[in-house]
Structure formats: structure tokens, C-alpha cells
Amino acid sequence: MLRYVVNRVLLAIPTLIGVAVVTFFMLRVVPGDIVEIKLRGDGGNVSREVIEQERERLGLNKPLVIQFVDWMKGLVTLDLGRSMWTGNPVSEEIGSRLELSLQVAVMAAVIAVLIAIPLGTLSALYRDTAVDYVIRIVTIAGLAVPSFWLGMLIILGLLWAFNWLPPLTYTPFYVDPIANLSQLIWPALAVGYRYSAVVARMVRSSIVEVMREDYIRTARAKGVFERLVVARHAMKNAMLPAITVIGLEFAFLIGGLVVTEQVFNLNGIGRLFVQAVSRNDFMLIQSLVMLIAVVFILVNLVVDLLYAALDPRIRYR
Amino acid sequence: MAATTTGSTLPSRERSALLRFVVEQPLGAAAFVVILVMALAAAFADWIVPYDPEAIDFSAMLAAPSPAHPFGTDAFGRDILTRIIYGARTALSIGLLSSLLGCAAGAVIGVASAYFGGRTDLVVQRFVDILLSFPIIVLALVVVAMLGRRLVLGIDVNLIVAIAIPIVPKVARVIRSAALSIREMPYIDAARAAGYSHARIIFRHMCPNVVAPFLIMLTAFIAQAILLEASLSFLGLGVSEPKPAWGLMLAGNASDFYREAPWMVIFPGLAISLAVFAFNLLGDSLRDWLDPKFRT
Amino acid sequence: MLRSCALLTGLAAALALPAAAQETPKRGGTLQFAISGEPPNYDCHANSSFAAIHWLAPHYSTLLKFDTANYPKILPGVAQSYEVSPDQLTYTFKLRPNVKFHDGSAMTSTDIKATYERLRNPPQGVVSLRQASFEDIAAIETPDPLTVVFKLSKPDASMLANFASPWNCIYSAAKLQQDPNFPKTNILGTGAFKFVEHVKGSHWIGQRFEDYYEQGKPYLDGFRAVLLSGAPMINAMNGGQIMAEFRGFSPAERDRLVQSLGEKVQVQESGWVCKLDILFNTAKKPFDDARVRRALSMAIDRWGGAKNLQRIAFVKEVGGILRPGYEFAASKDELAQYPGFSENIQAAREHAKKLLAEAGVQNLKLTLTNRTVAMPYTPTGLFVIDQWRQIGVQAEHSQLETAPYQASLQSGNYEAALNFACDFMDEPNLQLINYISKDQSSLNYGNYIDRKLDELYEKQKRATSKDERKRLIREFEQHLFKESYTAPVIWWHRYIVHDRRLKGWHITPSHYLGQDLVDVWIAQ
């Protein structure tokens with residue numbers, strides 16, 4: 001097991017390098033760079049020399065390979081470089097926003113799991129009955145409603161019904177839990193609804209599938225009490241795909257917050273990302289992509305470990 | 001209903017299959033009808049709508065729903081129903097094409113990866129990991145910015161590629177895990193022992209066994225592709241004005257009119273939801289119905 | 001004369017106006033308002049966006065400033081008086097004796113000199129976007145701590161206005177000596193508000209500076225500016241979370257707020273020194289042919305379009321290269337002489353088709369490059385495309401993010417584009433520089449060389465009489481439109497919706513002006 005873990009961690013390194021290479025060179029193909037936006041702003045009259053000076057200062061004039069090597073050297077020493085827009089360390093820019101995004105993601109995940117597992121199980125157990133149909137419609141609707149639209153409806157609904165809106169700026173939970181929750185519960189709901197739908201569907205279908213397997217049928221034929229079958233056998237095996245989905249979706253949630261943060265005007269990494277992209281702030285984009293990649297790989301690792309622990313049939317070589 | 005309208009032209013075996021689907025999966029059949037209606041409306045949009053989706057009509061700005069404009073008009077006086085119907089064309093074509101592209105590529109990669117196993121599997125999985133670790137928006141933005149917008153028959157090919165790429169690793173992963181257990185089956189060992197070529201084993205023996213998950217994912221990813229296109233257009237990275245697209249109709253200042261013109265916020269959102277809902281429901285029903293394991 | 005700026009509209013706005021004028025300002029309260037963008041750094045001299053000046057202006061002062069209630073009148077800033085020599089070559093400023101920086105140190109003529117030296121001749125590694133404005137300054141002298149003398153090499157019609165520009169924030173000479181880039185990351189001014197904090201991506205807080213040089217001001221205890229834009233901003237305003245946003249609202253946003261908040265809000269509106277021009281890439285066929293460019297300009301129904309477009313976008317008046325209403329701008333009769341300003345659009349379109357035929361261009365297809373900015377880029381782009389369609393020209397709308405958009409303009413990789421121009425005041429030197437030859441102006445993206453325009457530009461800049469200047473400007477405009485290097489669309493129009501309790505803020509034709517918040521107060 002330990003060897004397997006070490007192996008997986010080592011395997012993550014080439015993946016990360018691959019992500020770095022692809023990101024870096026893809027961005028460099030995009031026409032335009034940050035200097036023009038930064039200096040010209042609303043049509044500022046700036047000479048070409050000044051623009052070239054700024055490019056020089058930001059290292060944009062160096063050969064691409066050198067730029068890449070510089071960046072990788074920084075990454076190895078955990079130095080993410082500086083935002084080309086503000087000149088502040090990237091770690092600072094991200095750090096101040098990560099807390100908010102993570103909190104929304106975690107809240108959405110909790111909401112999702114709390115709703116999804118009972119709903120999915122019920123739906124599977126009462127397959128093809130009215131209960132199943134209702135649950136399926138609710139969960140499929142969850143997949144269908146775009147979270148940005150749901151967000152818009154939530155905001156407009158709050159405004160229309162209560163003439164009230166969530167706080168504009170972020171307050172950490174440990175400072176003022178009420179202000180914190182009253183701001184973040186809404187985006188968490190908007191995102192969590194979809195999330196729960198994904199998980200519930202996976203729970204349902206994997207339970208349905210497992211229930212058809214021979215050993216369950218045997219257990220049922222032997223007269224083992226149905227609920228016991230579900231609890232002991234079906235649930236355990238059905239949880240594998242569910243865990244995968246919970247994990248994968250969580251990793252993607254950070255990226256998926258891009259649109260939602262825009263709708264709710266949240267100062268999280270999703271919005272930071274959109275800003276960085278619209279300004280061509282390469283250093284910041286690169287680092288954000290790497291961050292998401294690391295989160296993703298970590299989550300995957302955990303999922304795989306759980307897989308291995310839960311299903312001894314799957315062998316790793 | 002779908003069966004009775006199209007049934008006469010089908011051979012009896014398939015007709016009975018369709019009938020059975022309708023009887024066994026009423027929800028799925030209903031979803032199929034919804035999709036069919038949308039597809040027909042999109043295909044024959046030129047004949048069924050009285051307005052040009054891109055023509056600006058300043059005399060009818062922000063008109064409320066009326067017989068002339070059943071869903072009202074937007075800030076440019078463009079008929080919202082017309083734009084939703086043409087928007088269906090955008091959504092369905094982009095959804096179907098990008099899902100097909102992504103799923104096909106993903107399935108081949110997934111099955112091959114599982115079949116060959118070992119070093120190949122590792123390399124392919126690393127590559128899948130790399131792709132999977134990218135935020136979709138970056139991929140989409142970079143692809144669109146890099147290649148520009150290339151319209152073929154009014155469809156942005158680059159946008160399709162941008163939406164298809166994130167689908168590939170997901171499908172590859174799921175198909176791989178499905179194929180992994182198939183690989184362990186005795187009959188694959190038998191086929192190998194019989195000296196069949198890799199291609200033959202992959203396509204003849206392994207692929208048919210992943211058809212069910214493939215079809216299910218295909219419908220599910222059409223839904224997801226429609227959603228992604230809507231989100232990208234909402235952010236201004238997808239379809240651009242004046243082309244009609246549902247996400248685009250929600251962008252900008254659509255919500256400014258929520259009191260005086262709520263139809264601008266409601267109908268495009270409903271259209272997205274309905275389309276995605278129908279594809280998901282169909283996928284779900286297909287899943288229950290197609291998978292031979294579920295037949296008792 | 002100038003259009004009066006603070007036209008009031010809205011439900012019962014007219015009734016409130018006389019009352020507002022008589023009210024005595026109240027002290028106290030914190031103003032919470034929105035700003036829809038963030039600057040890359042805190043240096044006024046290196047920024048040109050409202051997204052910088054709206055945050056920075058309350059912390060700084062300038063030599064002179066605009067009287068926002070009576071634009072374009074100029075008021076003293078840290079200078080209590082000034083004198084211009086008859087030959088317009090010497091400007092002498094007497095400074096107020098009681099001006100202090102927020103760290104307590106006194107401001108003297110040394111600080112003014114250091115600031116303007118930095119502006120006109122920035123040291124290595126420092127960016128000054130105002131270098132061109134001050135290129136005619138030959139020397140800056142400081143005979144005593146409260147006197148500054150600027151010596152010019154040539155007279156410049158726009159000089160006084162430049163001293164009132166909000167961008168020329170006065171910095172501390174001592175700090176600049178330690179680090180010329182000090183203002184990039186620090187805020188130390190003599191303005192009415194001390195800087196408290198800036199939470200990146202979120203908000204910015206300022207607090208009253210008790211030693212501010214104007215007695216009894218500012219009225220506000222402080223301000224809290226929040227980064228907000230688009231629908232969330234309008235929602236926040238609707239929900240009473242913010243009192244204002246000072247860039248501008250679209251007509252739809254204005255209507256929504258007036259409708260839902262009624263009496264609680266007040267609308268101010270004004271012409272705006274901002275516009276979108278259609279720019280043609282003269283390096284590409286068939287746009288090297290003036291007839292094609294002129295035809296494309298003539299296809300646009302400016303008068304009819306203005307009526308309609310103003311209902312959905314913040315544009316309103318038809319004009320040439322200067323803002324309609326400004327003293328040097330073309331009158332309606334003068335405009336009618338230019339191609340593209342005919343009120344008989346049918347005839348103009350027929351003429352346009354004929355021009356295209358003459359140029360041998362049939363079934364013209366082109367791409368209009370635009371920015372992915374909702375207001376007013378998108379509606380303007382859609383409008384232009386719709387107009388072109390009516391003479392049989394098919395245009396593809398290519399909306400790009402800012403960086404690729406600027407890159408395609410810079411590199412000449414476009415056919416026609418919507419190009420934005422915005423200035424801090426009505427001033428031909430600022431507005432005309434966009435149109436002179438590409439080797440003379442870094443703002444020319446049309447890739448043309450036209451010495452006649454360059455010559456006329458220089459002449460009007462040096463003109464010492466207004467009539468002379470006006471004549472030269474007309475000649476410039478006439479030539480520009482005949483060649484149709486660019487085609488004007490419709491001038492922007494600025495609407496500001498703010499909480500009725502917000503007093504002492506006046507709209508001007510520039511969203512860069514009047515944001516020092518010195519005179520702003522909140523009524524209870």
C-alpha cells in the first residue's frame with residue numbers, strides 16, 4: 001500500500017510537468033499581451049519605447065524557453081512569481097482569494113452529499129415507481145439548470161421578495177459567521193444543486209447495477225433481509241463510482257466557480273481567473289492552472305486509494 | 001407517440017423495440033419527443049418563424065409577450081421566440097457535434113488504454129490526467145483565441161473543438177474503467193490465446209461491451225456540451241452577437257429588465273434547462289433500457 | 001457655449017434641484033459606492049483608466065482642478081492663484097501655505113517640481129503617460145517654497161487644462177527621491193482622504209484627512225469603494241447597498257433603477273467626451289480606397305440611429321471629431337457638409353452603393369473587430385452591421401477579449417474595427433491626436449500617413465486666437481471625413497444614477513473628473 005502511494009505521488013510529477021508545458025506554450029500563442037492593456041488603459045497615449053521597456057521589465061522579451069525555465073525554477077522552489085498586472089507575488093494574489101472559493105466548494109460538496117446519498121439510494125430501491133420518477137426528475141433538473149441562471153434567479157428572487165441582497169464583501173467565517181454564511185450560502189446552493197444531482201444519479205445507477213449482480217441476487221434468494229443486503233453489500237460496492245464522482249466534481253468545482261463567482265460578484269479565485277485571462281496576466285493564469293491541477297491530482301489520488309481500499313478486485317501494477 | 005408517427009416506415013422488429021421503449025421508459029419517450037420537437041424546430045426554423053433572428057427592430061424594443069411576439073422581444077426589438085428557436089439550432093448542433101467528437105475520441109483512448117494496460121496505460125492515463133487537470137474555460141478561451149472563430153455553415157468549428165476536448169479525458173476514464181473489468185473476463189483471454197489481432201479484440205470484443213456506457217455518456221455529454229456552450233457564451237467566450245444563442249441571451253444586461261421584461265431572463269434559461277433536461281432524461285432511460293444486465 | 005452639464009431627469013427630479021442648491025452640507029457619514037475595475041498599480045501618472053482615478057482621486061490633489069458644477073471652469077487646487085504671461089510662455093503658481101501630506105510633512109514648491117519633472121521626463125523605469133502633454137515645458141523653477149514657475153518653449157492652447165488634469169497627482173519629493181516608483185505601491189497625497197486599506201478584488205477604504213487644506217472639508221467621514229460591475233452592481237444599487245457608481249449607466253439600467261427606487265434616486269446626465277469610431281485598416285484592400293471607406297460611412301444612418309440607439313446604449317448625440325456642444329465642435333449645418341451626415345438616408349445609401357460600384361467592389365464581405373464589452377461596444381457593433389447590411393455589405397462580428405483585440409489593432413490584423421477614444425476634457429489636442437499619421441501618433445491604428453492632417457494638427461495647437469483655431473479644426477475635420485480614414489458613429493452620453501441623499505457631486509462630460517469627493521456629503 002505504501003509503495004502504491006509513493007508510486008502515485010511520483011507519477012503525479014510528470015503530469016504536473018505536462019500541465020505546465022501545455023499551459024505555458026498555449027498561452028504564448030494567444031495574440032496580445034498584458035503590457036498594452038496595462039499601459040494604454042482607456043486609450044492612454046503611450047510611446048512604443050515605454051511599451052518595450054515594460055515588456056523587458058516583465059521578461060516578455062526573453063526567448064520562450066528561457067521564460068519557461070525561469071518559471072519552472074521558481075515552481076521547484078515554490079516561488080510562483082509575480083502577477084504581471086499588480087506586480088504582487090502570485091501566491092499572495094491567490095492566497096487572499098482561495099479561502100472564499102474553498103469554502104463555497106466545501107459547502108456545496110456537503111450540501112450535495114447530504115442530499116444525494118439518501119435520494120440516490122431511495123430512487124434505486126424504489127426503481128420504476130413514482131418515488132423513483134419524482135427523484136429522477138428532480139435530479140435531472142439539477143443537471144439541466146445552468147448554475148449561473150439559477151444564481152441569477154436566486155439573486156433576483158431575493159431582491160424581489162425581500163428587497164434584500166447578500167453582503168457585498170467577504171467576511172471570514174471566524175470573524176462573523178452570520179455575515180459569512182449569508183453571503184456564501186447562495187452560491188453554495190446554486191452550485192450544490194447541480195453537484196447533488198450528479199452524485200445522486202451516480203448513487204442510483206450504481207446501486208441499481210450492484211443489485212443486479214449475482215452475489216446480491218444470491219443473498220436475496222437466501223432470504224437475507226433486503227435492507228441488510230443493501231446496507232452490507234450493495235452500498236459498499238455502489239459507493240465506488242459515487243466516490244469517484246464526488247471527488248472529480250469537487251476538483252472541478254474550483255474551475256466551475258468561474259461563472260458562479262461572476263454572477264454573485266464573489267472575490268474568489270474563479271473571478272481572479274477571469275480577470276487574469278481578460279488581462280493576459282500569464283504568470284497568474286499559469287499558476288492558477290497549476291493550482292487546479294494539483295488539487296485535481298490530489299483528489300484523484302485520494303479517490304484511487306479509496307478505490308483500492310474498497311475493492312480488492314482492482315489490482316494495481 | 002414517437003413510435004406511432006414514425007412507426008410505419010420502420011421494420012417490425014425495430015418498431016416493436018421502439019414500442020417497448022415507449023412502454024418501459026415513458027419518461028425517456030417523453031424526453032425523446034421533446035428533443036425531436038426541438039430538433040425539427042431548429043431544422044425548419046427558416047420556415048416556421050416569421051422574424052429574422054438578427055434583424056434589429058427599434059419600434060418593438062422590450063415588447064411584452066403578445067400574439068405577435070409570444071415570448072416578447074429583447075432590447076434590440078428582436079423576437080425572443082425566434083431567437084430561442086434559432087438558438088436551438090446553435091445549441092443542438094454544437095452540443096451534438098462536440099459530444100460526438102469528444103466521446104468517440106475518449107472511447108477509443110479508454111478502451112485501448114485498458115486493453116494494452118501496463119506501460120501504455122500509464123502513459124495514456126498521464127496524458128488523460130494532464131487534459132483532465134485543465135479548467136475548461138482556459139482550454140476554451142485558448143482554443144478560441146488561438147484559432148479565432150471559424151464559421152462553417154454558421155457553426156463555430158473551433159468552439160466545438162474547445163467544448164469537445166474536456167469531454168475526451170472524462171469519457172476515456174469511464175470507458176477505461178468499464179473496459180478494465182471486461183479485460184479481466186475469460187473470453188478476452190480466450191480471444192488473445194486464439195491469436196486475434198489487437199484491433200480485432202478491441203473493436204470486436206471489447207467495444208461492443210462498452211456501447212451502453214458510450215451511448216449513455218453521449219447523450220449525457222450532449223447535455224453537458226449544451227450547458228458549456230451556454231456558460232461560455234454567457235461569459236462572452238462562446239458564440240458572439242448577433243448570432244442567436246441561449247447563453248448569450250442571458251448575458252449582458254438581460255437581468256436589468258427583470259421587473260419590466262422578465263421574459264428576457266426566464267425563457268432562454270428555460271430553453272437551456274429543457275434541452276439539457278431532455279437529453280439527460282433520455283440518457284438515463286437509455287441506460288436503464290439498453291444495458292442487457294438490467295433485463296430480467 | 002457649453003451645454004449645461006447637470007441636466008436632471010427622472011421622476012420628480014426637477015422639484016429637488018432648487019432645494020439641493022440651497023442646502024447646507026452636513027458633516028459625517030461614509031459613502032459606499034461602486035467602481036467597476038481595478039488598476040494595475042497606484043500611480044496616477046502611469047494610469048489612464050477610470051478604474052484607477054476613481055480609487056485614487058480622493059487621496060490626491062492637483063495644482064488646479066475643474067469646477068464640476070461649472071465645467072469647464074478651472075478652480076485653484078493646491079495653488080491658490082496663478083498668472084499666465086501675455087506671450088503664454090510663463091505660468092506662475094502661488095501655492096497655499098497650509099497644504100500637508102498625509103504623513104504630516106508640508107507640501108512645498110519642491111514637491112510640485114519633482115512631480116512635474118517626473119511627469120514630463122520620467123526617470124528610467126518610471127512610466128508617465130502625460131509626457132506628450134508637457135513636452136513644451138522648458139524649465140520648472142522654484143524661486144521660493146510657495147512659488148512655482150513653468151517656462152514653456154512654445155505656446156500651447158491646452159496648457160492650463162493640463163495643470164487641472166486629475167492625472168497629475170502631486171507626490172512628495174522626498175519619497176520620490178528615495179524611490180521614483182514609490183507611488184506605484186504607496187499612497188501618500190495631500191488629498192481630502194487618507195488611505196486606509198485596499199483588499200484586492202474586493203474593496204478600498206479611505207478616511208477623512210483632518211489636516212486637509214480646505215477648511216471644514218471634506219464632509220464625509222470616509223468612503224468605502226467596492227469592486228462591482230454589471231448586473232451585480234445594478235442589483236446592489238437596487239438593494240440599497242451602494243449609493244452610486246460614477247462611470248456611467250446604460251439607459252436600461254437607469255430605467256430599472258428609477259422604476260424600482262423612484263424618489264430614492266436621482267439621475268444626472270451629460271454629453272460625454274467618449275466615442276467609438278469605425279476604424280478602417282487602410283493597409284488592406286479594398287479599404288485602401290477612400291471611396292469604399294466613404295461608402296461604408298455613408299451607409300450609417302446617424303440621425304435615425306441616434307434616436308433608436310440611445311434607448312439601449314449610452315450614446316446620444318451625432319457629431320464629428322469633437323463633442324457636440326463643445327465650442328470647437330461642428331454645428332449641425334457644418335456636419336451636413338460632411339459625407340455620412342445627410343438626413344436623407346435613402347439618397348446617401350444609393351450614393352454609397354454607387355461609390356462601391358465605382359470602386360469595383362461587389363458583394364463586399366468584411367469582419368468588424370470589436371471588444372467583448374457589453375456597453376456600448378456590442379450594441380454599437382450590432383447597429384453598424386445592421387446598417388451595412390442595408391447597402392448589401394455583409395459584416396461578420398468578431399468580438400475579442402481586450403488583449404487579442406488590442407493585438408489585432410496594433411498588428412494591423414483587422415479590416416474594420418470599433419475604436420474607443422475617451423479624454424478627461426474637451427480639448428482638440430487630445431481628441432485630434434487619434435487621427436494624425438501613424439508615425440506621429442501611437443494612437444493611429446489605421447496605418448495611414450497623411451501630412452495634411454499632421455500639419456493642421458500642429459497649426460491648431462499653436463493657434464493663439466479661438467477663431468483661427470476653430471477654422472483649422474474644421475479644415476482638419478473636413479479632410480478627415482473626405483478621406484474617411486475613420487467613420488464616426490454616435491457620441492456617448494453619460495447617465496449617473498445616485499442615491500438622492502448623495503449631495504455635492506456634479507456630473508461632467510468626463511468620468512475622469514470630479515472624483516476627489518471633497519465637496520460630497522450625505523443628507524439624512
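**Notes on the model**

1. Let's begin at a spot where chains meet: leaving aside neighbours within four places in sequence, Ser231(B) is in contact with Phe148(A) and Val259(A). Contact here means heavy atoms within 4.5 Å. Ser231(B) sits in helix α10 (residues 198-235) of chain B. This serine is buried, with a relative accessible area of 14%. For that scale, buried means under 20% relative accessible area, exposed over 50%, and partly exposed in between, using a 1.4 Å probe and protein chains only.

2. A word on how to read all this. This is a predicted model, in which local features need pLDDT of at least 70 and side-chain atom pairs count only at pLDDT 80 or more, while totals for chains, interfaces and linings use all residues. Residues are numbered from 1 along each chain as its sequence is written, chains are lettered from A and ligands numbered from 1 in the order in which they are written, and side-chain values use heavy atoms, with hydrogens and water left out.

3. Chain A has 12 helices and 0 strands. Helices (H or I, at least four residues) and strands (E, at least two) are DSSP runs, numbered from the N terminus. Of the 317 residues of chain A, 56% are buried. Among its contacts between residues at least 6 apart in sequence, 70% join residues at least 24 apart. Chain A exposes about 13,700 Å², and carbon and sulfur atoms supply 69% of that area. Accessible areas come from the Shrake-Rupley method with a 1.4 Å probe; for residues, only the protein chains shown count as cover.

4. Chain B has 12 helices and 2 strands. Reading from the N terminus, the order is α-α-α-α-α-α-α-β-β-α-α-α-α-α. Of its 296 residues, 56% count as buried. Residues 24 or more positions apart account for 69% of the chain B contacts with a separation of 6 or more.

5. Chain C contains 17 helices and 19 strands. Its radius of gyration is 24 Å, close to the 24 Å that the globule rule gives for 524 residues, so chain C is as compact as a globular protein of that length. The radius is taken over C-alpha atoms, and the rule is 2.2 Å times the number of residues to the power 0.38. Along the principal axes, the C-alpha atoms of chain C fill a box of roughly 70 × 55 × 40 Å. Of the 524 residues, 65% count as buried. About 18,400 Å² of chain C is accessible surface, and 49% of that belongs to carbon and sulfur atoms.

6. The domain assignment of chain C gives domain 1 (44-190) and domain 2 (271-493); such bounds come from an automatic or database domain assignment. Taken over C-alpha atoms, the centres of these two domains are separated by 33 Å. Across the boundary, 14 residues of domain 1 of chain C are in contact with 11 residues of domain 2 of chain C.

7. Which elements cover the buried residues of α8(C)? They include α7 (147-162) of chain A, together with α7 (230-238), β13 (265-280), α10 (302-312) and β17 (486-499) of chain C. In helix α8 (residues 251-261) of chain C, 8 of the 11 residues are buried, so this helix is largely enclosed by the rest of the structure. Among the buried ones are Glu253(C), Arg254(C), Arg256(C) and Leu257(C). After α8(C) comes Gly262(C), with a positive phi near 50°.

8. Please also look at Lys200(C), in the loop between β9 (193-199) and β10 (203-208) of chain C. Lys200(C) is partly exposed, with a relative accessible area of 23%. Not counting residues up to four places away in sequence, Lys200(C) touches Thr86(A), Asn88(A), Glu93(A), Arg97(A), Asn267(A), Glu38(C) and Tyr42(C).

9. Residues up to four places away in sequence aside, Ala359(C) touches Asp289(C), Arg291(C) and Val292(C). Ala359(C) and Pro286(C) are 73 residues apart in sequence and 8.5 Å apart in space, C-alpha to C-alpha.
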